[in-house]
Amino acid sequence: MAARRLVPLLDRVLVQRIEPPTKSIGGVLLPESTQSKLNEGVVISVGPGRRDKEGSLLPMGVKVDDKVMLPQYGGNEVTLGDEDYVLFRDEDILGVLADK
Amino acid sequence: MAARRLVPLLDRVLVQRIEPPTKSIGGVLLPESTQSKLNEGVVISVGPGRRDKEGSLLPMGVKVDDKVMLPQYGGNEVTLGDEDYVLFRDEDILGVLADK
Amino acid sequence: MAARRLVPLLDRVLVQRIEPPTKSIGGVLLPESTQSKLNEGVVISVGPGRRDKEGSLLPMGVKVDDKVMLPQYGGNEVTLGDEDYVLFRDEDILGVLADK
Amino acid sequence: MAARRLVPLLDRVLVQRIEPPTKSIGGVLLPESTQSKLNEGVVISVGPGRRDKEGSLLPMGVKVDDKVMLPQYGGNEVTLGDEDYVLFRDEDILGVLADK
Amino acid sequence: MAARRLVPLLDRVLVQRIEPPTKSIGGVLLPESTQSKLNEGVVISVGPGRRDKEGSLLPMGVKVDDKVMLPQYGGNEVTLGDEDYVLFRDEDILGVLADK
Amino acid sequence: MAARRLVPLLDRVLVQRIEPPTKSIGGVLLPESTQSKLNEGVVISVGPGRRDKEGSLLPMGVKVDDKVMLPQYGGNEVTLGDEDYVLFRDEDILGVLADK
Amino acid sequence: MAARRLVPLLDRVLVQRIEPPTKSIGGVLLPESTQSKLNEGVVISVGPGRRDKEGSLLPMGVKVDDKVMLPQYGGNEVTLGDEDYVLFRDEDILGVLADK
């Protein structure tokens, strides 16, 4: 099946959720609290943004490859090929994750 | 029965859903996840758009023949002839699908 | 009973629903999907429109005798004489039907 | 009991519902559909209207003695003397009835 | 207990409901419909009004001692001394009552 | 436990409810209606106010030590030390109480 | 597991709740009312703020290390490493706590 591409409209952001690991790198089973990362994802593609009243594009808050924190509710689940994704409005994404 | 045409008003978009195939081209039954494409459709016709406060038409985000990703909820189901369609506001369409 | 006339206020549109035929012209009973035309109607009268902030009338999207597609929900059912009608706001009418 | 007068505030309209006749002029019992006129009324008094942002009064859509079509829901029921009335915002009145 | 005074804030209006008489002046028991006046009241005090975007006070629609018609729902019940009152926003008061 | 101070943000007002007396000064048990004063409070601290679109602070309607009438619903209950307080937006406070 | 950093978007504030002590410094079990401090937290990081219509950043009400009072409802729970946090919009934070 040929890979396909979804170009989000307006200020939408296509995100792929990061599956939380169930074992640590050393092989130890991780407690449930450590698995709560299902609300994290990677930005796959971003829309052009909404326009303000004068017609100028409002800048987006995230960019492709950003690791982002997602809200627990909302978003539109979509399937492309055999992968699951979720679309959020830019303003609903909670924050960007970075290594310290 | 004569074919009829629906001209959407304002920023509405007339979409025909794409029925997901239940068998692959080679004849193998596809798993259910591959069938989740019912939220995809083809744009049949588009309205002129809404007007801003100065009376100018706001540009539409999609055009006829675009393959689009639809939200799981919302839209107005309509029947023309013996075909089923769904009408969405332009801003509710999630994105445009393209082959990579 | 003397016929009466209803002049809609603001941007309201008075519509008479088109009863779907239950038999084809040739007399064959039509399947249920073909009868789903109950959301189609004919525009009987239209209001003058709403006014914008400067007091100018905003143009209406439909005119008398237009065949229109109605949303599945909403509208105000009214009876004039012994006929049933429904009133919709202009912006809630989905589209105008035309023969190709 | 002395008759009293209610002066509506803002864009409110005081309406008295028209009781549907249960018999025709000739004395024949009318079918129920003919009795559905309970959503019709006569305008008893009107408020001065709301003001726009510059402080000018916005014109009202109906005037005293207009026969009007009322929505099925909403409005504030009030009693003056031993008569029942209903108050609607001007923009909620569906239309004005006229003999053809 | 010393009498106290409540100065309403913004566009609030302090109203004391008029208890409907249960007997006519002549001593005859009144039917229930005549007792529906519990939605009438007397204005006890009024706030200064809300301010528009330029900071000017918007005029209030009612004044102290006005007899007013109240909506069936809403308002804030308060007790001052051993009397019950209700506070409404100015725009929620339906109308002013006057003897003809 | 050291006393602490809460500085409200925006147009919030920190209020301490006045417990209604259950006995009169003379020692007589008060009826329940006289105890309904639980919606009265004293203003402990006030926020700086919200800003309008030009960035100017909008004046607050109440000040520290004002005796105020509170709505029956809403507000945020907070505990400081071992005292209970409630935070309201300035515009939700019904009025200011004064001795006549 | 490497520590990670969450940079909040727009006017969001990342807060870590302060666990209420269950025993006083002297070792005495504290009554439940004294434990109601779960709505207090420390600001860990703040977003840049929202922009007004001209594109200027609106100033945030709180800053890193502020001790803040949180509303009882709302917010987005997130986990970073093995610590729990909560994200609030700046305008939903009730106030800033200070020692007298």
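User: How do I read strand pairing between two chains?

Analyst: Two strands pair if DSSP finds at least two bridges between them. Strands (E, at least two residues) and helices (H or I, at least four residues) are DSSP runs, numbered from the N terminus. Here, β1(A) and strand β7 (residues 95-99) of chain B pair in the antiparallel sense over five bridges. Take A:Arg5: its bridge partner in β7(B) is B:Ala98.

User: What should I know about the model and its labels?

Analyst: This is a predicted model: local features need pLDDT of at least 70, side-chain atom pairs count only at pLDDT 80 or more, and totals for chains, interfaces and linings use all residues. Residues are numbered from 1 along each chain as its sequence is written, chains are lettered from A and ligands numbered from 1 in the order in which they are written, and side-chain values use heavy atoms, with hydrogens and water left out.

User: How many residues of chain A are in contact with chain B?

Analyst: Contact means heavy atoms within 4.5 Å. By that rule, 18 residues of chain A are in contact with 21 residues of chain B. Buried area is the accessible area (1.4 Å probe) that two parts lose on being put together, summed over both. Chains A and B bury about 1,700 Å² between them, with 54% of it on carbon and sulfur atoms. A:Arg4, A:Arg5 and A:Leu9 supply 34% of the area that chain A buries against chain B, more than any other three residues.

User: Which strands of chain A supply residues to the side that touches chain B?

Analyst: β1 (4-8), β5 (76-80) and β6 (83-89) of chain A each supply at least two residues of that side.

User: How many salt bridges are there between chain A and chain B?

Analyst: A salt bridge is a side-chain nitrogen of Lys or Arg within 4 Å of a carboxyl oxygen of Asp or Glu. Between chain A and chain B the count is zero.

User: What about pairing inside one chain?

Analyst: Look at chain E. Strand β2 (residues 12-17) and strand β6 (residues 83-89) run antiparallel, joined by four bridges. E:Val13 has E:Phe88 as its bridge partner in β6(E). Strand β5 (residues 76-80) of chain E also pairs with β6(E) in the antiparallel sense, over five bridges. There, E:Val78 has E:Tyr85 as its bridge partner. The hairpin of β5(E) and β6(E) has two residues between the strands, and E:Gly81 takes a positive phi near 60°.

User: How are two copies of a chain related?

Analyst: Two copies are related by a rotation about an axis and a shift along it. Copies are superposed by least squares on the C-alpha atoms of residues with pLDDT of at least 70 in both. A rotation of 51° with 0.0 Å of shift along its axis superposes chain A on chain B (RMSD 0.1 Å). The copies use different surfaces: 6% of the contact residues of chain A recur in chain B.
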